[in-house]
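These are my notebook entries on a structure that I had not examined before.

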Amino acid sequence: MTVDQLFNWLNTLVPAMENSGLLLVVAILIPCLALFLVVAVNAIVMVYAERKVSAFMQDRMGPMGQGVGLHAGKWGLLQTVADALKLLTKEDIIPEKADKFLFILAPFVIFIGAFVAIIAVPFGETVIVADFNIGIFYILAMGSLGVIGLILAGWSSNNKWSLYGGMRSAAQIVSYEIPAGLSLIVVIMLTETLSMQGIIQYQEGGMFNWIIFSNPFAFVAFFIYFISVVAETNRTPFDIPEAESELVGGFHTEYSGMRWSFFFLSEYANMLVVSAVGAAGFLGGWHSPIPGYFDSNGWGVFWMLSKIVFLIFVMMWFRWTFPRLRVDQLMNICWKVFLPISLINIFGVGFWTLIFG
Amino acid sequence: MGVVHGEEMVLNIGPQHPSTHGVLRLKVKTDGEIISEITPVIGYLHRCFEKHCENVTYDQVIPYTDRCDYLAAMANNFGYVVAVEELMELKVPEKVEYIRVIMAEFQRIASHLLALGVYGLDIGAFTPFLFMLRDRERILDMFEMTCGARLLYNYMWVGGVSHDLPKGFVETAFQFLDYFEPQIEEYNNLLTHNKIFVERTADIGVLPPEVAISYGVSGPNLRASGVQWDLRRNSPYSIYDKFEFDVPVGDGGKGTLGDCWDRYYVRMLEVRESVKILRQALAQMPKDGDVHQALPKKIRPPKGSIYSRTETPRGDLGFYIESDGSPIPSRVKMRSPAFTALAVLGELAGGWMMSDVISILGSLDIVLGEIDR
């Protein structure tokens, strides 16, 4: 349901205040609250999933609760809630020599970048806050806001480790946006639209109409896109900005409590956004893999969410399997491997559509 | 257009840092990510080991040796008791010798597993670390079965060992070895031949054999540079001459001879050799015999001095003991292999990047308890 629909619905609900500014504000706030809920629940579920996934990969149990009394619930289901409570009640420390204003600002900048991008993410045929005609472009633009927050955090902490982390993330995220964006251009060339819903509608009719399987160049583009966004979200094997064994905590070394958890929240929100774009752009979005089956509206949400969850699971799988790359190796891969291949991809798709399209 | 003048930044890695393997402080001069100079600052864990030894009797020194290299306490016990026994010209029963070798080799596997796992962690791979700790746990269980302790054993005494092997130990040990050998393959698949891991370790921190020898580096670090030197083979102590095993050396399999990958892989190969020794020792061990039979009533070595060395998981551990005929040693000096390994760090790490320094430090496998003593 978009803001326009909400506004119209509110107008009919309260005819006395028809077309007033207050109703517009309410119509904007409702989806905002809903999205905040999505982000918060997403983080809670994903932290739990990450802990369980890592535990199973490492031959452990992960969080578990047993017996009577204060514990983390059955199978540790309440572990993340307990973690969140702990983070909320922790002392809020701001280093004496930090740039206080920027230090406080940084987590919010990062969070806003991840948060506003979700507006244009479609979760189903009608489940989208705003279907812009430049949706995919908007998501890319908002996604890159986060890096400003990382640099701010790294700089304002007045800590050498944080500075290293901030500088590394600036180089890394800005570089990896290029191959990710170029890979999405392949999608845009095929669908001839920037609207997220338009891109998904193009892929109707079974999994062989999905863009990933539509031609070999798009197939390659998907993998470049996926690896690049893993780097953009600072996940292993590209987690050099927070590289725990090298930089202690990287850009968030000096943060604690709720401020620190905002970094976490936005990391998981970012993962959600990039996975959603991957699912919508390459994997058919809310379309069922078999045409005609399970293709009604409710199933659309199911398909979209399961594709997102699958991509997120692959990210977690990466994290608990691979070691970390070095800064220069990371840059080499980006500029010397991914960038040329993405450029070739664009040419290839152009010729492909010219010949077969 | 002005010229940008950059200045070098001095960065303290440690004493509180996730990958300094203890309380080590590295003073590094950095130009961006490039490290130009690196100075290890030690002493945060100094506990006057050698001075303590001059105030306690010979057998009371053994618990202190536990706490030097706390990841290979059995091997340190072994080194010390061998030195004292040599000074006293004491002969220990054959069964005791076998038990000691079994314990020392299990300890070598446990220590190497931790070193390899933590090295993976330094590079950023979390899962191999937990796999290796899982298997190390079973060795610690066996130690606990034998002497009740899991980390600091005080197991080997002058003239014997504190407890005989418990019932069922040999079977448990064989079970463990049968389970463990295929696991090595899993580690190799997961970490050793991982493309990213090789990229991060091959050709990094190359230690040429001449430099290694001139610094006195020993153990796996020396063998990784291609020098075939293992005290178990080159000057056998205890009963190591009875077993067949290879001394694996580095061959620059993924890059240059003596790089981080070689140091890592030599340890992996040594674990296999330890398994070989253990199988022989467990099979040949005499069933009967009293492990307390040769314990001296009073440890009072004759006047004189001795320098004796053994091969611990970290290398050449030497004990110099001076006796004035009294029950208290007049001087105990310990030559620790990790100390020389750390000394060579400055030579290795200059000119590399930040991440490589962590990688090089991890590959040397130092234990601060032994360096600071």
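**Entry 1: Trp9(A)**

I first located Trp9(A), which sits in helix α1 (residues 3-13) of chain A. I note at once that the model is a predicted one.

Is Trp9(A) buried or exposed? I find 12 C-beta neighbours inside 10 Å, and because the cut-off for exposed is 12 or fewer, Trp9(A) counts as exposed.

I then looked up its separation from Ala27(A). Trp9(A) and Ala27(A) lie 18 residues apart in sequence, and their C-alpha atoms are 9.1 Å apart in space.

**Entry 2: Chain A as a whole**

I next looked up the dimensions. Along the principal axes, the C-alpha atoms of chain A fill a box of roughly 60 × 60 × 45 Å. The radius of gyration of chain A is 21 Å, which agrees with the value near 21 Å for a compact globule, because that is what the rule gives for 357 residues.

Of those 357 residues in chain A, 45% are buried. Among contacts in chain A with a separation of 6 or more, I noted that 77% join residues 24 or more positions apart.

**Entry 3: Helix α4 of chain A**

I turned to helix α4 of chain A, residues 100-117. The helix has 18 residues and reaches 27 Å from its first C-alpha to its last, close to the 26 Å expected at 1.5 Å a residue.

Where does α4(A) bend? I located a bend of about 30° at Ala106(A), and a proline, Pro107(A), follows within four residues. Both Ala106(A) and Pro107(A) are on the list of buried residues of α4(A), which also includes Phe103(A), Val109(A), Ile110(A), Phe111(A) and Phe115(A).

I also looked up what covers the buried residues of α4(A). The cover includes α2 (21-57), α5 (135-143), α6 (146-156) and α11 (257-282) of chain A.

**Entry 4: Contact with chain B**

My last question was how many residues of chain B are in contact with chain A. I recorded 26 residues of chain B in contact with 22 residues of chain A. On the chain B side, the elements that give two or more residues are β1 (9-13), α4 (94-123), α5 (127-147), α7 (195-201) and α14 (354-364) of chain B.

Key. Residues are numbered from 1 along each chain as its sequence is written. Chains are lettered from A and ligands numbered from 1 in the order in which they are written. This is a predicted model: local features need pLDDT of at least 70, side-chain atom pairs count only at pLDDT 80 or more; totals for chains, interfaces and linings use all residues. The radius of gyration is taken over C-alpha atoms; the globule rule is 2.2 Å times the number of residues to the power 0.38. A residue is buried if 20 or more other C-beta atoms lie within 10 Å of its own, exposed if 12 or fewer, and partly exposed in between; C-beta atoms are placed from the backbone. Two residues are in contact if their C-beta atoms, placed from the backbone, lie within 7 Å. The expected span of a helix is 1.5 Å times one less than its number of residues. The bend at a residue is the angle between axes fitted to the seven residues ending there and the seven starting there.
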